[in-house]
Amino acid sequence: MGQNTTAADRSPDLSVHLGPLRLKNPVMVASGTFGYGQEYEDFLDIREIGAIVVKGISLAPRSGNPPPRIVETPAGMINAIGLENVGLEVFLDAKLPHLRDLGIPTIVNIFGNTVEEYAELARRLDGQPGVAALEINISCPNVKQGGMVFGTDPTLACEVVGAVRHRTSLPLITKLTPNVTRIGEVARAAVDAGSDMLSCINTVAALAVDIYSRRPKLANVIGGLSGPAIKPIALRCTYEVLQAVRCPVIGIGGIASATDALEFLLLGARAVQIGTANFTDPAVARRVVEGIERFLEVEGFQSIEEFIGALDLECTFPFAEASCQSLDLDG
Amino acid sequence: MAKQQEAARLLEQEAVAHQTYRMKLHSPTIAGEARAGQFLMLQVRDGNDPLLRRPFSFHRIQREEGAVEILYRVVGRGTWLMSQMDPGSTISLIGPLGNGFDLSNSGAGPVFLAAGGVGIAPLKELVDRLLSDPSRSAGEEVHLFYGARTAAELLDASLLAAPALRIHWSTDDGTMGFRGTVTQVIEQVVRDEGVRPTRLYACGPLAMQHRLGLWALREGIDTQLSLESLMACGFGACLGCALPAANPDHPTSDHYLHVCKDGPIFSAGSIQWDRIRQQQIAPPIFRCI
């Protein structure tokens, strides 16, 4: 190759701005599916990931729900882990330093039973070196108190986000639940209360029973559905949220390939989180980053920014030119 | 000891008992690291159905050949699909996972192994390791107590036979060996022959391991029980494979162990059995309607 390097010879730029955050690529791993990072270090260099969202942290350690906690369903799984976590102290002492040393943007997912607990978590995490942002979990369907209650009522959502905003200058992401009639209203409430960004969706409230034992398959009876089964719901929610707010949105739900991730980015999500797929393919995040890069190269995009939000809604029916081109992005 | 994701080639697939199959897989990296009592997560096939990998313990580890064997019973769609695979197929594995059996000091006296049904899976590799242990005193026997509901569910004796291994067969219906449970045979041998094991290794249905565990706790015998659970990842991320832990300081408090990272091998005293039994963690039964 000579000196006349053209734009086409350069690798596409995958970096994204997310409000105050700048990430080297738009691929994150979702809370509760990646532990505190160390669980995955045998399988990939976790520094290749845009950001890690750690397992939800509460002030005190939580032991979680009784088993059975998970059940497989068609193209998905339902979980009711119950936010088992090591608690803030252990996280700060034993988990965060390692991620900080690796230099990975670390987003701390926080969860409380009360508004005060959310606020206290924000206060204690404010100014902690190595914390890039907070993700406020107001959308967990598997716990009796708190959790989804805050995420299904715009007034309560506003109260939680406002309390957290008051206690920290860290960038705030509010994670939304799909288990509402109008997700856009909760989205607006969170942004009005000071959330810099939104992530959607958390799991879809779900249930599975066994006709032979006549029992629910989860001890908690109700759990949260995740995996490929929820991707169309997640895309719809992301679309509605993008129509309701102007802040950066992070798409989550059933992403297991570069194609899946690109679908959310096409809608206008500025980043994505991979969840359940981490369990079955622990190196999936690297594959998705590589697949996105290959797609941009082949399709002639110089940066991911050019592709984000490129959805053509002016289409006419029937489609004049049906595209039957398909790249193997995930090989 | 690093965990690996490895594309394995199916070398052999053989029906070895009723609804029970043995798979031999060429997976040199995992075979090179695996120890008795550990397990792997097997991806049944590409795509979303079934979505999750299935956990299987190592039935045999053949390091020189770069191969591992698993033994599995068809209990659902995933294992049924596995049983239809032909040699030459590529199968994604993650392993080795979990803690594995503790073999230290197991040469000091007689050792008991108890297998219920397909619970024989991890005990075959364990038998091989115990019998080849140079620190094992000559004349100290390894007793394998092996039971199932009926004779058709048992592996053929030729697959297990080894010098210095005494096999005590039992079936619920009396079609092979003693009519009754593995626990009853163990109690009989202890009573009639005056043999007292230094350690009990077991794998099988939860009810069997519960009974055996309580017996061993009463007798003060060290236990190494191989337990199972539904799990999504196998390496400590999903937290789905929780078992209630015994906590002598706080007997009523909730505390959980995780089969994938704290186990799958546990001592009987570390589990809060009553709470598992209440919740009935039963493997799904495969029925066609």
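In which strand of chain B is Pro96(B) found? Pro96(B) belongs to strand S7 of chain B, which covers residues 90-97, and a cis peptide bond with an omega of about -10° joins this proline to Gly95(B). The structure is a predicted model, and the points below go through its two chains by topic, beginning with the contact between chain A and chain B and ending with some details of the backbone.

**Contact between the chains**

- Where chain A and chain B meet, the contact takes 31 residues from chain A and 30 residues from chain B.
- On the side of chain B that touches chain A, the largest share comes from strand S14 of chain B (residues 242-244), which gives 3 residues.
- Divided by class, the residues on that side of chain B are 17 nonpolar, 8 polar and 5 charged.

**Domains of chain B**

- The domain assignment of chain B gives two ranges, with domain 1 at 4-97 and domain 2 at 111-228, and the C-alpha centres of these two domains lie 24 Å apart.
- Across the boundary, 15 residues of domain 1 of chain B are in contact with 14 residues of domain 2 of chain B.
- On the side of domain 1 that touches domain 2, at least two residues each are supplied by strand S1 (4-17), strand S5 (60-62) and strand S6 (67-73) of chain B, and S6(B) gives the most, with 4 residues.
- By class, this side of domain 1 of chain B has 8 nonpolar, 5 polar and 2 charged residues.

**A mixed sheet in chain B**

- Chain B holds an open sheet of 7 strands with mixed pairing, in which the strands follow the order S11-S10-S9-S8-S12-S13-S16.
- The edges of this sheet are strand S11 (178-179) and strand S16 (265-266) of chain B, each of which pairs on one side only.
- Within the sheet, strand S8 (residues 111-116) and strand S12 (residues 199-203) of chain B pair in the parallel sense over 5 bridges, and Leu113(B) has Tyr201(B) in S12(B) as its bridge partner.
- Helix H4 of chain B (residues 182-193) packs on the sheet, where it touches S8, strand S9 (142-148), strand S10 (165-171) and S11 of chain B, and the direction of this helix makes about 145° with that of S9(B).

**An antiparallel sheet in chain A**

- Chain A has an open sheet of 4 strands with antiparallel pairing, in the order S5-S6-S14-S11, and the twist averages 40° from one strand to the next.
- Strand S5 (70-73) and strand S11 (204-207) of chain A each have a single partner strand, so one side of each of these edge strands is left without a neighbour in the sheet.
- The partner shown for S11(A) is strand S14 of chain A (residues 222-226), which runs antiparallel to S11(A) and is joined to it by 4 bridges; Ala205(A) has Gly224(A) in S14(A) as its bridge partner.

**Helix packing in chain A**

- The axes of helix H4 (residues 154-167) and helix H5 of chain A come within 8 Å and cross at roughly 25°, and the two helices are therefore roughly parallel to each other, with a right-handed crossing.
- In this pair, Pro154(A), Ala157(A), Cys158(A) and Val161(A) of H4(A) meet Glu185(A), Val186(A), Ala189(A), Ala190(A) and Asp192(A) of H5(A); by class, the contact has 7 nonpolar, no polar and 2 charged residues.
- Helix H5 (residues 183-192) also packs with helix H6 (residues 231-244) of chain A, at an angle of about 50° and with the axes 8 Å apart; H5(A) and H6(A) are therefore oblique to each other, and their crossing is right-handed.
- Here Ile183(A), Gly184(A), Ala187(A) and Arg188(A) of H5(A) meet Cys237(A), Glu240(A), Val241(A), Gln243(A) and Ala244(A) of H6(A), and the residues of this contact comprise 5 nonpolar, 2 polar and 2 charged.

**Backbone details**

- A cis peptide bond also joins Asp49(B) and Pro50(B), with an omega of about -5°, and Pro50(B) is found in the loop between strand S3 (39-42) and strand S4 (54-57) of chain B.
- In chain A, Arg214(A) has a positive phi of about 60° although it is not a glycine, and its place is in the loop between strand S12 (209-210) and strand S13 (215-216) of chain A.

Conventions:
Residues numbered from 1 in each chain as written. Chains lettered and ligands numbered in written order. Predicted model: local features only at pLDDT ≥ 70, side-chain atom pairs only at ≥ 80, totals over all residues. Axes fitted to C-alpha atoms, helices over the stretch in contact; angles between N-to-C directions. Parallel < 35°, antiparallel > 145°, perpendicular 65-115°, else oblique. Left-handed = near helix turned anticlockwise from the far one by under 90°. Contact = placed C-beta atoms within 7 Å. Nonpolar A, V, L, I, M, F, W, Y, C, P; charged D, E, K, R; others polar. Domains from an automatic or database assignment. Pairing = 2+ DSSP bridges.
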